[in-house]
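This briefing covers the packing, strand pairing and selected side-chain contacts of one structure.

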Amino acid sequence: MTSRMFKFGVTAASAAVGSVLASYTLDRWNSPHVVNNAVQPPPKRKRTLPPRAEQIKSLTSGEEFDVLIIGGGATGAGCALDSVTRGLKTALVELDDFASGTSSRSTKLIHGGVRYLQKAILGLDLEQYRMVKEALQERATMLESAPHLTHPLPIMLPVYTWWQVPYYWVGIKAYDLVAGDRNVKSSYYLSKKDALELFPMLKKDKLCGAIVYYDGQQDDARMCLAVALTAARHGATVCNHVEVKELLKKDDGTGKQVLCGAKVKDHMSGKEFTVKAKCIINAAGPFTDAIRKMDNPTVKSICCPSSGVHIVLPGYYSPDQMGLLDPSTSDGRVIFFLPWQRQTIAGTTDLPCEITHNPSPTEDEIQFILNEIKNYLNADVEVRRGDVLSAWSGIRPLVSDPNKDDTQSLARNHIVHVSPSNLVTIAGGKWTTYRAMAEHTIDAAVKACNLKPERAEAVTSYLKIEGGQGWTPTMYIRLVQDFGLECEVAQHLAKSYGDRAFAVSKMASLTGKRWPIIGNRIHPEFPYIDAEIRYGVREYACTAVDMIARRLRLAFLNVQAAQEALPVIVDIMAEELNWSKDEKERQIKAATEFLGNEMGHSVNRTSKERIPIKLSKEEIQTYIKRFQLIDKDKKGYVSINDIRRGLKSFGDTEVSGEQLHEILREIDTNMNGQVELDEYLQMMSAIKTGDVAYSRFARMAELEEQKVEAASLKQKITVDRSGGGL
């Protein structure tokens, strides 16, 4: 046994030395790719945030921009910020909303990619190594530039086979080594006891220990929005809900046709107009090929879309400050299990898909994720389908490199391509490297279109993002003391808006209570307040979907809560945007469809309908009795009036009509406005099996039965039988 352990120790030590040497050698090859973070005086913000109407006016002014960027995701927003801070006259247009596509549907990690590094070292793959090193450099830059929206996150890699402990330890230490002086925090080993203390939900059978390493975590949609807003403050014209309909060309004087602008349409007003530009950048993510074919209809497609589904579970599934990595799932993929905004994110899948503006999660993908995380959680944590609070699908735009003759193989990193007509396309890459991607893109644009920037090099590596300048970790205390906000609300505002939280707080309405003084919540379970809706309109939110999905993250955190908060959100937006009653109804309908199709509400409902009724004869009799107690008129179904009457009998007299409809909708699977007995039995069966976590209707029926039994008991025990007293 001693000899065997000695041999294994030598093997592990050799692997460690090999990793260090490989990393050092690759680092020498890769030295030109290190991000330059030399301190220079950052450019000052030029203006307050202009309203959207002014941004549209700038687009329609007829002035020629140096750069017109198509796409308002992370890469497009990054390009706008890089361009404008170099002194170029910059415009950005986005068909939908900022971060409405892939940029809001990520795993929320800022990372280099542990798996990529493993492949790079074992295969001596220089390209993959460069990608990881660049991402690790950019990880540090993101954490510094937006400290309110990002934070280091420890991630645990549990080990269930003893020989894998040194193997994973060596790999994670190599990850630290490649990051160099830009590392977040050093990784470390945990014994079985310590691992279970930090992650008590973990399965303890056969657990040998764990490795903990650090990456970053972010609020992806708000990060993208903050980058776009920072660009706007520096003078860029950024407009959401503006679609590019056609690319325009002119003769450059040598007989060559080059791009000179675009015809666009503002979907908010319906107006079409022309935007002139010396250079056009295609940063459309999954829709890259659609823009490339506007430039040249015969060009070959380079985008190979892949769908990644994530689900959100209640916060009790994971510790507040510790993530989990499953390095090898049943089909070889990696799954992360991460705390995020007091809930738990699990994902992702990776399947080929069609390009669409409305990607939807499927039941098979949700079940795959649930089944995988069951393997790592102990028996006390029953992984239930009904605990899925939200689910979404994001399209990862993998691309082949058009700069190479072999366009069949996919590029592991991002690519920048300039067409014969000077369309600059940036595609591929990952969220973490958005800033570096933007820098490479603007470098290519300056060269291809002969632009004359005030600054030749990018300055974004040391620029604070919107809200980051005056933020401190204890800033929320001032919000509590100065404004009278709840502590939880103040912490949320500080983390979401940074130093702009004070501007948000000034818009909050009085509560009429002793405490908190201001800040009426739009949903009792979440710290979002009314002022955020008003401020969100100033952040260019134009629709209810913009608000619930990207200004607030409610749709991603809990789709049912988002549905319940919709009427309040739409009412406040209507005040700010002067919506009519018809427009409010249209907004609620569109947001409800979004929640149903893209955030997992419909697939959650469908999963309930497929559940067979598995109840004993006694249970069925009990539930029939409860159903009949609510259906006092013996109609054979329960109406909304029955629900209202039941709630009033328990003293809940202030339930709104919308809340009543929500209670009805959670059980009314056939959507006919009433609850039949079979729907109720199916719901109770789903609760029993864990496919549904909780039902207010079911709880109301249970309380009704208890109330009737208590009244019956009172009648049976008379004064005579009780002896007149004690």
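Leucine 157 has isoleucine 211, in β6, as its bridge partner. The model is predicted.

- β4 (residues 150-159) and β6 (residues 209-218) run antiparallel and are joined by 10 bridges.
- β4 also pairs with strand β12 (residues 323-326), in the parallel sense, over 2 bridges.
- Within that pairing, methionine 156 has leucine 324 of β12 as its bridge partner.
- Of the 10 residues of β4, 8 are buried, so the strand is largely enclosed by the rest of the structure.

**Strand β18**

- All 5 of the 5 residues of β18 (residues 423-427) are buried, so this strand too is largely enclosed by the rest of the structure.
- Leu423, Thr425 and Ala427 point one way from β18, whereas Val424 and Ile426 point the other way.
- Strand β10 (residues 272-282) runs parallel to β18 and is joined to it by 3 bridges; isoleucine 281 has valine 424 as its bridge partner there.
- Strand β17 (residues 415-418) runs antiparallel to β18, with 4 bridges between them, and isoleucine 415 stands opposite alanine 427.
- The hairpin of β17 and β18 has 4 residues between the strands, and asparagine 422 takes a positive phi near 75° in this hairpin.

**Aspartate 295**

- Aspartate 295 belongs to helix α9 (residues 288-295).
- Its relative accessible area is 8%, so aspartate 295 counts as buried, the cut-off being under 20%.
- The side chain of aspartate 295 makes a polar contact with the side chain of serine 421, at 2.4 Å.
- Leaving aside neighbours within four places in sequence, the residues in contact with aspartate 295 include Leu247, Lys249, Leu259 and Leu423.

**Nonpolar cores**

- The largest nonpolar core has 54 residues, and those with the most contacts inside it are Leu479, Leu485, Leu493, Ile569 and Leu595.
- Helices that each supply at least two residues of this core include α12 (475-483), α13 (487-497), α18 (559-577) and α19 (581-598).
- α18 gives the largest share of this core, 10 residues.
- Apart from this core lies another, of 49 residues, among them Ala228, Ala438, Cys449 and Leu451.
- Beyond its neighbours within four places in sequence, leucine 595 is in contact with residues including Ile548, Ala555, Val559 and Leu566.

**Aromatic rings**

- The whole structure holds 10 aromatic pairs.
- In one of them, the ring centres of phenylalanine 98 and tyrosine 540 are 6.5 Å apart and the planes are at 55°, so the pair is tilted.
- This pair links distant parts of the chain, 442 residues apart: phenylalanine 98 is in the loop between β2 (90-94) and β3 (109-110), and tyrosine 540 is in the loop between α15 and α16.
- Phenylalanine 98 is buried at 1% relative accessibility, and tyrosine 540 is buried at 2%.
- Tryptophan 392 and phenylalanine 556 form an edge-to-face pair, with 4.9 Å centre to centre and 70° between the planes.
- Tryptophan 392 lies in strand β16 (residues 390-399) and phenylalanine 556 in helix α17, so the pair ties together parts 164 residues apart in sequence; both residues are buried.

**Charges over rings**

- The charged end of lysine 108 sits over the ring of tryptophan 340, 5.0 Å from its centre.
- Lysine 203 lies over the face of tyrosine 160, 5.6 Å from the ring centre.

Technical notes. Residues are numbered from 1 along each chain as its sequence is written. This is a predicted model: local features need pLDDT of at least 70, side-chain atom pairs count only at pLDDT 80 or more; totals for chains, interfaces and linings use all residues. Side-chain values use heavy atoms; hydrogens and water are left out. A nonpolar core is a set of buried Ala, Val, Leu, Ile, Met, Phe, Trp, Tyr and Cys residues joined through side-chain atoms within 4.5 Å. Buried means under 20% relative accessible area, exposed over 50%, partly exposed in between (1.4 Å probe, protein chains only). Contact means heavy atoms within 4.5 Å. Two strands pair if DSSP finds at least two bridges between them. A polar contact is a pair of N or O atoms within 3.5 Å; within protein, one must be able to donate a hydrogen and the other to accept it, and residues adjacent in sequence count only if both atoms are side-chain atoms. Rings of Phe, Tyr and Trp (its six-membered ring) pair if their centres lie within 6.5 Å; planes under 30 degrees apart count as stacked, over 60 as edge-to-face and the rest as tilted. A charge sits over a ring if NZ of Lys or CZ of Arg is within 6 Å of the ring centre and within 35 degrees of the ring normal.
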